[in-house]
Amino acid sequence: MSASKPAELAGPEASDRYEAHEATEQVIAILGELLTHGGFLSTAEIARRRGMHRDTARRVLRTMERHAWVRKEVADERVTDSLYQRAT
C-alpha cells in the first residue's frame, strides 16, 4: 500500500492509527486540565472544559485510573459524579 493513499483507501489499519492518536490527545488534554486545576474535577467538568461528551470523558478517565495516572475520590455514596485528580 502506498503511503500517499487517503486513509479511506489505505485500509482499516490507517484509520486505527488515527483513532489511537485521537485517544492519546484526549488523555493528554485531560491530564492538562487536572494539572492546570491542581485539585479534583468532576467528570462533567472535565468533559465541559474539553468539549467532549461526558461518556467519552468517563471512559478515558476510567482507563487512566486503571493505569494509576489519575485517582478517583467518592466522598459520599449519593454523589453521582466521581471526582478525579492527577495521581501523585
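**Close-up views of a predicted model**

**Figure 1. Phenylalanine 40 is partly exposed, with a relative accessible area of 25%.** Here, buried means under 20% relative accessible area, exposed means over 50%, and partly exposed covers the range in between, with a 1.4 Å probe and protein chains only. This is a predicted model, in which local features need pLDDT of at least 70 and side-chain atom pairs count only at pLDDT 80 or more, whereas totals for chains, interfaces and linings use all residues. Residues are numbered from 1 along each chain as its sequence is written, and side-chain values use heavy atoms, with hydrogens and water left out. Phenylalanine 40 is placed in the loop between H2 and strand S1 (41–42); helices (H or I, at least four residues) and strands (E, at least two) are DSSP runs, numbered from the N terminus. Its C-alpha is 4.7 Å from that of glutamine 85, although 45 residues separate the two in sequence.

Figure 2. Of the 88 residues, 30% are buried. The accessible surface comes to about 6,200 Å², and carbon and sulfur atoms account for 51% of it, as computed by the Shrake-Rupley method with a 1.4 Å probe; for residues, only the protein chains shown count as cover. Among contacts (heavy atoms within 4.5 Å) with a separation of 6 or more, 45% join residues 24 or more positions apart.

**Figure 3. Glutamate 33 forms salt bridges with arginine 49 and arginine 50.** A salt bridge is a side-chain nitrogen of Lys or Arg within 4 Å of a carboxyl oxygen of Asp or Glu; five are counted by this rule. In the bridge from glutamate 33 to arginine 49, the closest N and O atoms are 3.3 Å apart. This pair links distant parts of the chain, with glutamate 33 in helix H2 and arginine 49 in helix H3, 16 residues apart. The N to O distance between glutamate 33 and arginine 50 is 3.2 Å. Glutamate 33 lies in helix H2 and arginine 50 in helix H3, so this pair ties together parts 17 residues apart in sequence. Glutamate 33 is buried at 13% relative accessible area, whereas arginine 49 is partly exposed at 32% and arginine 50 is partly exposed at 36%. Within helix H3, glutamate 45 and arginine 49 are four residues apart, about one turn of the helix, and their side chains meet in a salt bridge of 2.8 Å, N to O. Glu33, Glu45, Arg48, Arg49 and Arg50 are linked in a network of salt bridges.

Figure 4. In H3, the buried residues are Thr43, Ile46 and Ala47. In H4 (residues 54–66), Thr56, Ala57, Val60, Leu61 and Met64 are buried. The face turned away from the buried side of H4 carries the exposed residues Arg59 and Arg66.

**Figure 5. The largest nonpolar core has 14 residues.** Such a core is a set of buried Ala, Val, Leu, Ile, Met, Phe, Trp, Tyr and Cys residues joined through side-chain atoms within 4.5 Å. Ile30, Leu34, Ile46, Leu61, Met64 and Val70 touch the most other members. H2, H3 and H4 each supply at least two residues of this core.

Methods
The expected span of a helix is 1.5 Å times one less than its number of residues.
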